[in-house]
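Subject: The structure, and what turned up in it

Hi,

Here is the structure I said I would pass on.

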Amino acid sequence: MAGVYIYSDRMDLAAELVGFVKENQNSAQVLCFTQAEADQLTSIGADKVCYLQGDSPLVENYGQAIAEYLKQANAELFVVGATARGRDLAARVAGYLDCAMVSDASSLSLESGKLRAERMMYGGAVVQSEEITGLCVVTVAAGKYQPVTGSASVETVQVTADNRVKLLETAPIVKEGVDLRQACNVVCVGLGLEKEEDLKIARDLAAAIDAELGCTRGVAEERHWLPVEQYIGISGAIIKPQLYISMGVSGQVQHVFGVRDAKVIVAIDSNEKAPIFRSADFGIVGDMYEIVPLLTQAIKG
Amino acid sequence: MSKIIACYKWVADEADIKINPDLTVDLKKAKGKISDYDRNAIEAAVQAAGSLGGKAVSLTFGNASAKQSLKDALSRGPEEGYWINAEEAATADGSITAKALAAAINKIGDYSLIICAEGASDTYARQTAPRIGAALNLPVITSVVQMTFNGNSLTAVRKLEDSTETVQTELPAVVAILPEANEPTIPGLKAVMAAGKKPVTEYTAADLGIDFTPKNQVTAVKGYVMNRKNIIFNEGSTADQVKALAAALRKECVL
């Protein structure tokens with residue numbers, strides 16, 4: 001069956017991707033690897049749920065099997081949810097198919113066999129438009145498309161896993177930090193903060209506006225002042241709060257990528273040339289040690 | 001001696017990118033650098049050579065400008081450098097990059113481990129390691145934060161969004177490491193001096209015998225503009241500025 005094939009290890013994201021395909025009036029086939037997933041996926045509006053049954057607990061081990069399946073099915077496009085596992089699997093499938101791939105597409109359209117896609121480059125400073133003819137693999141992050149409903153039947157297919165990588169153990173990550181992606185307001189500290197104990201002024205501001213505390217990559221990975229889950233940027237948390245207030249953040253593109261969907265961006269930094277001011281709605285140039293406590297007071301009062 | 005190959009990319013430093021008013025992208029003044037996360041890949045290869053045994057080497061696929069990267073890479077610890085010197089690198093997509101690297105890896109031969117970063121700081125496409133694995137039909141482990149070796153066996157800890165996984169495979173294998181995996185050494189003067197004396201092997205596009213026609217046709221490259229208000233409060237005392245900011249935030253209904 002030609003058409004678009006979909007996979008995500010996150011069921012909600014798989015549903016969004018079906019929404020994308022249906023927006024474009026294509027046929028949507030969703031792949032999955034367990035009976036439980038198959039059961040969940042029958043109601044998300046796909047034309048068919050393909051349960052690929054094999055003996056590996058790691059979906060990445062089905063890269064070659066999926067490539068062969070898609071080739072046989074004469075697939076036009078394979079859309080994969082952009083999670084760690086999804087990106088890995090997608091690139092393996094593209095590798096085994098020796099076909100084009102667009103990673104983390106920010107926009108997509110499929111017209112008469114030609115795929116047009118946009119994606120971010122240089123940490124979000126640049127948008128690249130691409131055109132691909134022929135079979136292509138694309139990864140798409142969550143939150144871009146609306147899920148739809150509708151029922152589908154399940155087809156079970158036996159596949160062979162590449163079991164050279166064995167799973168020994170899996171453990172949930174106990175999040176030390178908060179889930180910034182869900183936060184309504186975020187206060188973010190950058191390397192302009194001089195000492196770890198100075199985090200207090202940021203925490204006080206965060207408490208005043210009921211915000212979560214985030215940071216730049218350097219604060220988490222070089223100084224280890226906050227858990228890595230709390231750094232914002234292209235390789236960290238990508239957030240969309242109502243209000244984002246940065247203090248001592250220079251605003252490198254990789255960081256700004258993570259906040260571009262914020263409703264209001266506020267920058268407080270001593271360097272008037274810092275790029276963060278170009279990405280901000282409101283800014284004050286000056287000493288954050290003076291400004292931030294005043295702002296906390298002004299908001300409380 | 002078996003080789004541990006660190007792949008890296010010489011990229012334009014995004015801090016120097018200029019976006020012109022017509023949204024064209026000016027890379028002329030951008031300095032080159034080893035892609036940030038690739039420094040972790042090089043460090044991981046050097047550390048792996050220490051515990052696994054073998055020789056850490058570096059491999060890059062770049063055009064003439066990547067020549068500058070060789071000494072930089074070697075100052076970070078690898079014993080030998082390999083460079084695919086091909087103008088085609090400038091237009092390469094994920095498929096070509098992986099195939100070029102895989103072809104060079106076959107030429108280098110006798111390898112136990114290939115280490116990449118998750119993604120490059122220009123494209124951040126995160127395709128290279130899995131695609132090299134497919135091209136060479138090797139086992140692949142991505143999102144790696146820790147590696148331990150026991151004989152010919154690699155045990156790796158992967159960090160995914162909500163869980164960690166411990167997996168095992170037999171070498172040779174391809175891994176993609178996360179920046180949290182290590183802290184890259186900053187090369188000292190001695191290391192920089194020594195790097196110039198390390199052997200470098202250069203391959204040309206023709207040496208690799210692959211088709212360099214990209215499958216992804218780039219139709220436009222434009223600066224991304226975030227439409228923001230860009231209002232700076234600079235009137236009066238700091239207290240006045242803060243008051244004006246608080247008033248603006250109330251008006252936006254975000255307080």
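Below is what I found, starting with some ground rules.

This is a predicted model, so local features need pLDDT of at least 70 and side-chain atom pairs count only at pLDDT 80 or more, while totals for chains, interfaces and linings use all residues. Residues are numbered from 1 along each chain as its sequence is written, chains are lettered from A and ligands numbered from 1 in the order in which they are written, and side-chain values use heavy atoms, with hydrogens and water left out.

Chain A overall

Chain A has eight helices and 16 strands; these are DSSP runs, numbered from the N terminus, with helices being H or I of at least four residues and strands E of at least two. The C-alpha trace of chain A spans about 65 × 45 × 35 Å along its principal axes. Of its 301 residues, 60% count as buried (buried is under 20% relative accessible area, exposed over 50%, partly exposed in between, with a 1.4 Å probe and protein chains only). Take the contacts in chain A between residues at least 6 apart in sequence: 63% of them join residues at least 24 apart (contact means heavy atoms within 4.5 Å).

A helix pair

In chain A, helix α5 (residues 199–208) packs against helix α8 (residues 288–300) at an angle of about 20°, and their axes are 9 Å apart. The axes are lines fitted to C-alpha atoms, for helices over the stretch in contact, and angles run from 0 to 180 degrees between N-to-C directions. That angle makes α5(A) roughly parallel to α8(A) (under 35 degrees is roughly parallel, over 145 roughly antiparallel, 65 to 115 roughly perpendicular, the rest oblique). From α5(A), the residues I201(A), D204(A), L205(A) and A208(A) meet a set in α8(A) that includes M288(A), Y289(A), V292(A) and L295(A).

Aromatic rings

Over all chains, the structure holds eight aromatic pairs. Rings of Phe, Tyr and Trp (its six-membered ring) pair if their centres lie within 6.5 Å; planes under 30 degrees apart count as stacked, over 60 as edge-to-face and the rest as tilted. One pair is F20(A) with Y145(A): the centres are 4.8 Å apart and the planes at 45°, so the pair is tilted. F20(A) sits in helix α1 (residues 11–23) and Y145(A) in the loop between β9 (136–140) and β10 (153–158), so to speak distant parts of the chain, 125 residues apart. F20(A) is buried at a relative accessible area of 2%, and Y145(A) is buried at 12%.

F33(A) and Y62(A) also have ring centres 4.8 Å apart, but with their planes at 20° the pair is stacked. F33(A) lies in the loop between β2 (28–32) and α2 (35–41), and Y62(A) in the loop between β3 (48–53) and α3 (63–73), 29 residues apart. Both F33(A) and Y62(A) are buried. Together with Y7(A), they form one aromatic cluster.

Backbone points in chain B

A cis peptide bond joins L171(B) and P172(B), with omega of about 5°. P172(B) is in the loop between β11 (163–170) and β12 (173–177).

Which way does phi point at Y124(B), positive or negative? Phi is positive there, about 45°, although Y124(B) is not a glycine. R126(B) is not a glycine either, and has a positive phi of about 55°. Y124(B) is in the loop between β8 (111–117) and α4 (128–136) of chain B, and R126(B) is in the loop between β8 and α4 too. Y124(B) is buried, with a relative accessible area of 11%, and R126(B) counts as buried at 14%.

Cheers
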